[in-house]
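Hi everyone, thanks for making time this morning. Let me put the model up on the screen, and then we can walk through it together.

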Amino acid sequence: MRYIADWHIHSKYSRACSRELVLPTIALWCARKGIQIVATGDWTHPEWFAHIKEHLEEVRQGIFRLKNTASLLRPGGTLRPDREVEFMLVQEVSQMYKKGDRARRVHHLIFSPSLETCERVINELNRLGFNLKADGRPILGIDSEELYMRLKELDEKIIVVPAHAWTPWYAMFGSKSGFDSIEECFGSMASYIYAIETGLSSDPAMNRQLSLLDQVVCLSNSDAHSPRNLGREANVFDFESPPTYDEFVRVLREKDTSRFQYTIEFYPQEGKYHFDGCAACGFSCDPEESKRLGNRCAHCKRPLTLGVEHRVRALADRDQPQSEGKIPFRSIVPLAEIIAEVKGVSSTTSKKVETEYVRLTNELADEFTILLDLPLEALRESAGDPLLAEAIARMRRGELSIRPGYDGIYGTVRILRDEESSRAKQPALL
Ligand SMILES: [Zn+2]
Ligand SMILES: [Zn+2]
């Protein structure tokens with residue numbers, strides 16, 4: 001049975017996150033997206049942890065579901081999830097500390113097997129004097145190796161996964177305050193790093209250019225700050241019987257390609273740190289051009305924010321990605337973006353787009369099924385606009401163009417041609 005997992009999300013208690021991010025709403029959106037396993041996020045936050053304990057019950061080791069699934073159905077509810085959404089206790093922390101005379105800022109995911117273990121971790125972090133109330137993603141002034149050692153002492157089943165490993169700020173390999181290898185970041189604990197999260201701005205092909213990453217699997221998660229962004233990226237597994245926490249960890253540790261089937265990826269160029277650039281000047285370029293410019297903005301001459309492509313090339317030791325024994329991946333464009341392009345509107349959160357998104361995910365299938373599997377015939381019959389089925393077909397074939405994102409600005413995807421967009425008598429997206 002297919003299980004799609006998204007292990008990196010946030011609650012309404014994390015900075016700059018939607019008020020809608022509460023467990024029943026998260027479950028509803030996961031059902032719409034086609035996610036079966038989702039992180040709770042933020043369990044170190046006292047109010048969110050109370051919300052988790054109030055709403056969730058354990059169904060298998062380390063796997064939870066809503067106690068009251070009737071709350072999933074809205075009044076007059078149109079959504080009837082045929083499979084329940086399950087939760088795992090995965091949380092992001094932000095570590096800021098000094099190592100080797102440099103300021104380091106990294107984000108890591110902590111996977112916990114039980115509520116009791118979460119409680120032990122929370123007590124330990126409180127004892128160390130960290131403020132867990134200020135933010136669902138707490139800031140911890142502690143070295144990565146030291147934190148992982150302490151966590152393993154509390155429960156050896158805990159695992160740590162570096163989050164969005166390549167983004168310039170707050171990442172293990174980030175150009176601003178990261179490290180050049182897993183060993184440099186985690187020291188003696190490096191052998192317990194089974195996976196890294198590639199982040200929106202890089203994909204597995206880029207990561208496979210580094211032999212130093214042969215020891216880990218690449219995970220992909222949404223890092224959603226609002227329900228609509230759940231499942232922007234995700235991990236696809238196949239299990240004969242419903243998986244437990246231990247089984248997921250085993251699959252990651254053993255790189256079990258019979259269970260871990262593929263990851264679902266954003267096109268990395270669409271991520272907001274793919275290219276180098278200067279947001280203030282609206283200037284972006286590829287790493288070669290940056291080199292010619294001395295890594296300075298062509299307009300204001302200030303240092304460029306060096307993107308993920310730049311960092312990957314700097315650390316890569318292979319010309320061609322090595323794909324043998326690696327987890328495959330499939331690239332998608334979120335359904336709301338495709339609908340927006342077909343309708344000729346620039347915002348994916350506009351009423352027009354939302355209405356069509358809800359209609360399609362109610363009447364046809366969940367979003368992942370529509371994007372990945374649904375026969376084009378079925379799409380053509382019920383999609384309303386035949387251009388939508390055509391756009392999804394092209395997306396599946398990778399026939400699209402993307403203006404790469406840079407310095408915090410998302411890239412823009414274009415699937416339709418000018419004359420097709422104007423057919424809808426709407427201004428083109430770009
Ligand atoms: Zn983060
Ligand atoms: Zn500039």
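Predicted model: local features only at pLDDT ≥ 70, side-chain atom pairs only at ≥ 80, totals over all residues.

E6 and E8 run antiparallel to one another and pair over four bridges; strands here are DSSP runs of at least two residues, numbered from the N terminus, and two of them pair if DSSP finds at least two bridges between them. Residues are numbered from 1 along each chain as its sequence is written, chains are lettered from A and ligands numbered from 1 in the order in which they are written, and side-chain values use heavy atoms, with hydrogens and water left out.

Back to E8, residues 159-162, which is covered on both faces: Ile-159 and Val-161 are buried on one side, Val-160 and Pro-162 on the other. By buried I mean under 20% relative accessible area, with exposed over 50% and partly exposed in between, using a 1.4 Å probe and protein chains only.

Now, what does E5 pair with? E5 is joined to E6 by 11 bridges, in the antiparallel sense, and the two form a hairpin with two residues between them. Gly-100, in that turn, has a positive phi of about 55°. E5 also pairs with E2 (residues 37-39), in the parallel sense, over three bridges, and with E7, again parallel, over two bridges. Ser-94 has His-107 as its bridge partner in E6 and Ile-139 as its partner in E7. E5 is mostly covered, with 11 of its 14 residues buried.

Which residues hold the zinc ion (ligand 1) as protein donors? They are Glu-92 (OE), His-107 (ND1) and His-164 (NE2), at 2.0 to 2.2 Å. Donors are N, O and S atoms within 2.8 Å of the metal (3.2 Å for Na, K and Ca), and water is not among the atoms, so sites may look incomplete. Along the chain the spacing reads E-x14-H-x56-H. Glu-92 sits in E5 (residues 86-99) and His-107 in E6 (residues 102-112), 15 residues apart. Both Glu-92 and His-107 are buried.

Last, the cysteines: there are zero disulfides in the whole structure, a disulfide being two cysteine sulfur atoms within 2.5 Å. For Cys-118, the nearest cysteine sulfur is that of Cys-30, 18 Å away. Cys-118 counts as buried because its relative accessibility is 0%. Thanks, everyone!
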